[in-house]
Amino acid sequence: MRFLFKTDYEDDIRLFPHSGYIYTYGLLLAVLLIAPYLLSSYLMSQLVFVCIYATVGVGLMILTGFTGQASLGHAAFLAIGAYTAAYLQQYNVPFPVYFLAAGLLTGVVGALVGFPALRLQGIYLVIATISFAFIVEEILARWESVTHGNEGMRVKTIQLLGNSVSRDGPVFYYLCLAVLVLTIVGTLNLLRSPTGRAFVAIRDSETAARSMGINVALYKVKSFAISAAITGFAGVLFAHKLSFISPEMFTLQLSIEFIIVILIGGTFSLHGAVLGAIFLVMIDPFLTYLKDDMPGVIAGVAATFGAGTERAAHIQDAVAAFASANGLKGAIYGIIIVVFVLFEPLGLYGRWLKIKLFFQLFPLYKRATFKRQKIYVKSERNR
Amino acid sequence: MLDFVQQLVSGIALGCVYGLIALGFVLVYKATEVVNFAQGDLMMLGGFFAFTFIGLLGLNYWIGFAGAVICMALFGMLAERVVVRPILGYPQFSIIMATIGLGYFLRSVTGMIWGTDDFKIETPFSQGVLRIGSLVLAYDKLSVIAATIILCALLYLFFNRTTLGTAMRASSENMLAAYYMGIPVKRVVSIVWAISAAVATCAGVLLAPITFIHSNVGLVLGLKAFPAAVLGGFGSIPGAVVGGVLIGVIESMAGFYLPQGWKDVAPYIVLLAVLLLKPEGLFGLHVRKKV
């Protein structure tokens with residue numbers, strides 16, 4: 001086991017606490033860079049979605065995970081980013097300009113949402129963000145001169161340095177990856193700056209933060225703005241990846257998916273946003289795979305246990321019918337959320353930490369290390 | 001003027017439905033400080049139970065209604081036992097997510113069992129109208145209003161006059177202290193979930209003639225009922241109904257007098273405005289912060 005001796009504050013806030021980090025993340029980055037040459041085009045496309053969802057996840061993590069302000073309206077921020085890109089593109093604005101403009105505009109909108117949200121807490125904030133998302137969705141559907149209403153908008157391919165960047169090509173993947181990596185590094189730097197510390201202080205106790213001299217209102221608005229801007233950047237990439245956007249893509253369902261990303265990944269670390277995005281995006285191909293292959297596998301198992309051919313075929317049909325039933329995906333989603341909340345509240349990254357600690361401390365690992373404290377006493381109404 | 005009254009009444013009837021669902025939200029919140037995002041889906045499930053008893057098995061309307069209420073009360077207890085109890089006492093956000101997950105699950109499973117079509121329940125109130133002068137009021141809407149008033153009054157009395165109601169309020173204030181005072185907190189929570197599922201079922205069955213029952217009705221109406229509960233100030237029973245009626249009337253008026261598209265957003269705009277002025281809702285308690 002490695003012991004890190006910290007002698008001053010600089011040691012404590014280092015980006016890479018020890019050299020092992022550089023090697024592992026360098027290796028990961030190298031693998032991600034050669035991925036286009038290894039993976040099929042379908043998996044590459046999924047990987048691009050992982051990057052986009054992870055970027056949104058990081059944005060949401062700043063707001064929900066680190067500042068403690070729950071938001072179920074991030075689909076609206078994504079929509080604003082996507083629509084800004086689509087609108088400016090019509091006037092031949094170059095990509096870097098509208099990319100930045102989309103982020104900026106979304107950030108401003110985020111700050112505007114942040115102001116009313118200052119007075120709200122907990123459940124009231126959740127409903128306020130949901131209301132905001134509904135209103136944005138309705139505006140997108142009705143403001144036809146700009147958004148083309150429910151007909152949606154086509155998004156052309158990116159023109160970068162005189163070349164067009166195909167949405168399926170490796171260059172687009174590198175672009176998304178670059179945005180993700182820059183966002184993560186930027187967020188890490190933010191979190192070790194006074195601003196980030198203030199965010200975490202507000203999350204842990206607003207009153208305590210205020211009595212330490214933190215301007216709670218200012219930092220909450222900042223958190224909203226930063227989170228929204230990052231989501232806006234992701235929105236531009238999202239629009240380009242789909243090449244077509246319409247209001248019904250940005251519903252409450254999408255906001256819930258973003259929350260699922262950080263919930264499943266683990267809400268206390270940026271690793272969680274990435275792991276959650278991988279989980280959420282990859283669950284679709286996985287379910288399709290199960291749907292196609294499970295019936296055969298189960299029938300095979302039944303056959304080995306002595307079921308006749310006819311019986312096995314019958315079982316195969318039954319399982320196939322069940323697997324292709326409408327809405328099975330929703331049920332599985334629901335079960336996954338509930339199971340994670342009940343049994344893995346720290347998310348995938350928490351599980352990873354537990355496994356790591358198990359091997360580091362072997363054979364002295366104690367289950368109670370990660371036990372959460374129940375707080376029956378505290379009524380959130382009086383907080 | 002007649003149009004206005006007509007719109008007002010249909011808005012109130014619609015609002016009462018929102019109010020009934022919001023009552024479920026408020027009940028659970030009052031007793032456990034948990035926001036149940038699956039409330040609308042419980043309502044939907046209750047409607048489907050009633051549809052099965054009345055429409056498919058051909059039982060008498062009132063027997064089927066009672067059967068659905070009892071089944072859903074048991075189901076509410078089951079849901080509480082499986083999903084909520086293990087995380088009771090953890091931060092609110094985890095419980096919100098768990099109930100969102102429960103809602104997903106209920107919607108899909110209902111869709112898989114009963115199909116995704118619209119269903120209708122034959123009720124004694126389906127036909128017939130009450131005429132006052134030239135004002136026409138349908139019985140099904142009046143039945144909703146009447147039921148809401150009765151349920152609201154009963155629940156209000158229950159919470160403020162009975163021992164069990166007091167125990168529920170106590171356990172929401174401070175579970176640990178309530179437990180020390182000899183209140184069986186777990187059973188109290190279980191009972192409150194049963195009651196809220198039963199109230200949701202009433203809403204579902206009364207709603208069936210107005211909007212048909214389908215597997216997504218819970219999501220749609222739940223998202224309207226939730227602002228209603230917030231508008232009234234989460235945790236106030238009359239507030240939930242008043243909030244529901246306000247939302248219903250605003251929606252109905254906006255649909256009639258304003259251009260298309262306002263109908264769906266108007267309730268949310270009003271909600272945001274109210275939250276800006278009174279962050280704790282219209283009837284909410286303002287409590288000083290403690291460190």
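## A salt bridge within one helix

In this predicted model, the side chains of A:Glu138 and A:Arg142 form a salt bridge, with N and O 3.1 Å apart. Both residues belong to helix H6 of chain A, which covers residues 122-142. They sit four residues apart, about one turn of the helix.

The two partners differ in how they meet the surroundings. A:Glu138 is buried, at 15% relative accessible area, because the cut-off for buried is under 20%. A:Arg142, at 42%, counts as partly exposed.

## Other charged pairs in chain A

Side chains of opposite charge can pair when their charged atoms come close. Across all chains, the whole structure holds 10 salt bridges. One of them joins A:Asp11 to A:Arg14, at 2.7 Å from N to O. Here A:Asp11 is buried, with 17% relative accessibility, while A:Arg14 is partly exposed at 46%.

Another links A:Asp204 with A:Arg203, whose closest N and O atoms are 3.2 Å apart. In this pair A:Asp204 is exposed, at 56%, and A:Arg203 is partly exposed, at 32%. Elsewhere, a network of salt bridges connects A:Glu344, A:Arg351 and A:Lys354.

## A buried leucine in chain B

Now let us turn to chain B. B:Leu231 lies in helix H9, made up of residues 217-231. With 2% relative accessibility, B:Leu231 is buried.

Beyond its neighbours within four places in sequence, B:Leu231 is in contact with several residues, among them B:Gly243, B:Leu246, B:Ile247 and B:Val274. B:Ala50 stands 181 residues from B:Leu231 in sequence, and their C-alpha atoms are 30 Å apart in space.

Technical notes:
Residues are numbered from 1 along each chain as its sequence is written. Chains are lettered from A and ligands numbered from 1 in the order in which they are written. This is a predicted model: local features need pLDDT of at least 70, side-chain atom pairs count only at pLDDT 80 or more; totals for chains, interfaces and linings use all residues. Side-chain values use heavy atoms; hydrogens and water are left out. Helices (H or I, at least four residues) and strands (E, at least two) are DSSP runs, numbered from the N terminus. Buried means under 20% relative accessible area, exposed over 50%, partly exposed in between (1.4 Å probe, protein chains only). Contact means heavy atoms within 4.5 Å. A salt bridge is a side-chain nitrogen of Lys or Arg within 4 Å of a carboxyl oxygen of Asp or Glu.
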